[in-house]
Amino acid sequence: MRIAVAVALLALATGCSTAVTGTGTGGGSVTTTTTTTAATTTAPAEDTTGPTPLPIPAIDEGAPAQYCDQPFTGALGKDMLAVVVETPSGRLGCDEAGAVLADYYAERRDPRTGLPPLVVAGMSCNQVPEGQLPQVVCVGEDDLIYAMWPQT
């Protein structure tokens, strides 16, 4: 995209327009006028907005899901487990879900509600209110995962 913009700006800055006047018969004279235009350009602003976070859904704890047994470092640096909720087009397995959730907790180690969702690996993730089994829920276009404390 940036290359196409640079090429277009270069063409605009060095481009020429030619006006041809004269008659269409072979005996007339032809006058050619060349006009060169220069353009002032500024570099496009860097896109820092990133993908728009999806709303975080409520979790039905009774929905079919895969409870992963491989712990990852989660809230407060303690072990947590990932859960992959079965969705019609879901593609994530336990390893991928654990990696997304571990990356979330690397950014937000302390559990705090009320923050805007954080986009991790294309998924919107956020802390849920206390009193629920899921601690952090992540939703993507096709997948729904959450983190939970190991149940003892």
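Hi everyone, let's begin with a pair of strands: S5 (79–85) and S9 (144–148) run antiparallel and are joined by 5 bridges. Strands here are DSSP runs of E with at least two residues, helices are H or I runs of at least four, and both are numbered from the N terminus. Two strands count as paired if DSSP finds at least two bridges between them. One place to look is Val85, which stands opposite Leu144 in S9.

A word on the source: this is a predicted model, with residues numbered from 1 along each chain as its sequence is written. Local features need pLDDT of at least 70, side-chain atom pairs count only at pLDDT 80 or more, totals for chains, interfaces and linings use all residues, and side-chain values use heavy atoms, leaving out hydrogens and water.

Back to S5. Strand S3 (residues 65–67) is also antiparallel to S5, with 3 bridges, and Gln66 has Val84 as its bridge partner in S5. Then there is S4 (residues 72–73), which pairs with S5 in the antiparallel sense over 2 bridges; here Thr73 partners Asp79. S4 and S5 form a hairpin with 5 residues between them, and in the turn Leu76 has a positive phi of about 60°.

How many residues of S5 are buried? Buried means under 20% relative accessible area, exposed means over 50%, and partly exposed is in between, using a 1.4 Å probe and protein chains only. For S5 it is 6 of the 7, so the strand is largely enclosed by the rest of the structure.

Next, charges. A salt bridge is a side-chain nitrogen of Lys or Arg within 4 Å of a carboxyl oxygen of Asp or Glu, and by that rule the count is 1. Arg91 pairs with Asp142 in a salt bridge, their closest N and O atoms being 3.7 Å apart. Arg91 sits in the loop between S5 and H2, and Asp142 in the loop between S8 (136–139) and S9, so the pair ties together parts 51 residues apart in sequence. Arg91 is exposed, at 65% relative accessible area, while Asp142 is partly exposed at 21%.

Arg108 is buried yet has no salt bridge; Glu107, the nearest side chain of opposite charge, is 6.8 Å away. What does the side chain of Arg108 make a polar contact with? The side chain of Asn126, at 3.3 Å. A polar contact is a pair of N or O atoms within 3.5 Å, where, within protein, one must be able to donate a hydrogen and the other to accept it, and residues adjacent in sequence count only if both atoms are side-chain atoms. The backbone oxygen of Pro116 also lies 2.8 Å from a polar atom of the Arg108 side chain.

Note on methods. Lys, Arg positive; Asp, Glu negative; His and termini not counted.
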